[in-house]
Amino acid sequence: MKTAAILATLFASAAAFAPTSQSPRTSVAQNALIDEAFGISIETGNKCPPLGRWILEDANENGIKWWQNAELKNGRVAMVATIGYMIQKWGIHMPLYLGPSGSNGFHPDSTKDWLLSSTAGVTFSDIAKADPLDTIAMVPAAGWVQVVFAAGLFELAGWKRQWNDENPIPGNYGYDPLGFTKREGGWDSEELTKLRMMEIKNSRVAMMAMAGWLSNESIPGSFPVWHP
């Protein structure tokens with residue numbers, strides 16, 4: 001489970017940080033299509049890195065848009081994951097439904113606890129005291145069914161709003177309760193363009209951070225450079 005989590009995180013973030021070279025099969029028009037895609041920035045010389053170019057060499061506009069959505073979704077998950085990872089490491093948790101879970105930084109101990117799984121005998125306090133990756137194995141099968149179901153609903157909603165509704169902006173799924181996208185000038189405004197680029201860059205850093213943290217969690221001493 002730990003190995004799968006590390007490999008998934010590494011694969012999701014690899015395309016943004018590969019060394020430079022170019023496939024001769026990629027046409028001039030295709031190069032332009034790739035290099036003009038939103039998210040290409042100064043960090044890579046305003047060119048798509050070679051691993052990303054190799055992946056996209058046969059992609060059309062919809063294919064590039066699919067990869068942009070994939071990067072944004074993985075990046076957003078990684079940004080939330082960095083917060084969750086740190087909070088778990090620090091041992092600070094909100095009590096479940098404000099109940100006596102005994103799993104928060106203000107009331108770490110409790111004589112009364114709530115069970116996460118009655119069959120496994122795992123409590124929310126047990127989860128709170130465990131290392132981040134160890135908590136994965138502590139979640140019961142019914143919990144993972146709920147996680148997969150919820151993730152599936154998000155994916156279906158995202159697919160509808162991006163492809164069925166033909167939304168031209170990757171990552172725009174029509175949910176913006178804080179009104180970040182409701183700015184003067186809309187999506188073409190300088191302010192919103194800057195915010196979108198900031199999101200992509202922060203998400204790439206978050207994916208690399210999670211890859212490093214998960215590696216060090218699984219193999220102590222492996223980050224930033226492995227040593228015996």
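Colleague: In this predicted model, where does Glu-166 lie?

Modeller: Glu-166 lies in the loop that runs between α7 (141-164) and α8 (190-218). With a relative accessibility of 64%, Glu-166 counts as exposed, because exposed begins over 50%.

Colleague: What is the phi of Glu-166 near, and how should I read such a value?

Modeller: The general idea is that most residues other than glycine have a negative phi. Here Glu-166, which is not a glycine, has a positive phi near 55 degrees. Asn-46 is also a residue other than glycine with a positive phi, of about 55 degrees, and its place is in the loop between α2 (28-35) and α3 (50-56). At 42% relative accessibility, Asn-46 counts as partly exposed.

Colleague: Which residues are in contact with Asp-35, leaving aside its neighbours within four places in sequence?

Modeller: Asp-35, which is found in helix α2, is in contact with Ile-40, Asn-46, Lys-47, Cys-48 and Arg-53. Its side chain reaches the backbone nitrogen of Cys-48 at 2.9 Å, and a polar contact of 2.9 Å joins the side chains of Asp-35 and Arg-53.

Colleague: Is Asp-35 buried or exposed?

Modeller: Asp-35 counts as buried, because its relative accessibility is 16% and the cut-off for buried is under 20%.

Colleague: How many residues does helix α4 have, and what stands at its ends?

Modeller: Helix α4 (residues 61-90) has 30 residues and reaches 44 Å from its first C-alpha to its last, close to the 44 Å expected. Asn-60 caps the N-terminal end of α4, with a side-chain oxygen 3.1 Å from the backbone nitrogen of Asn-62, whereas α4 is followed by Gly-91, whose phi is positive, near 75 degrees.

Conventions
Residues numbered from 1 in each chain as written. Predicted model: local features only at pLDDT ≥ 70, side-chain atom pairs only at ≥ 80, totals over all residues. Heavy atoms only, no water. Helix = DSSP H or I, 4+ residues; strand = E, 2+ residues; numbered from the N terminus. Expected span 1.5 Å × (residues − 1). Polar contact = N/O pair within 3.5 Å; in protein donor to acceptor, adjacent residues only side chain to side chain. Buried < 20%, exposed > 50% of the residue type's maximum accessible area, 1.4 Å probe, protein only. Contact = heavy atoms within 4.5 Å.
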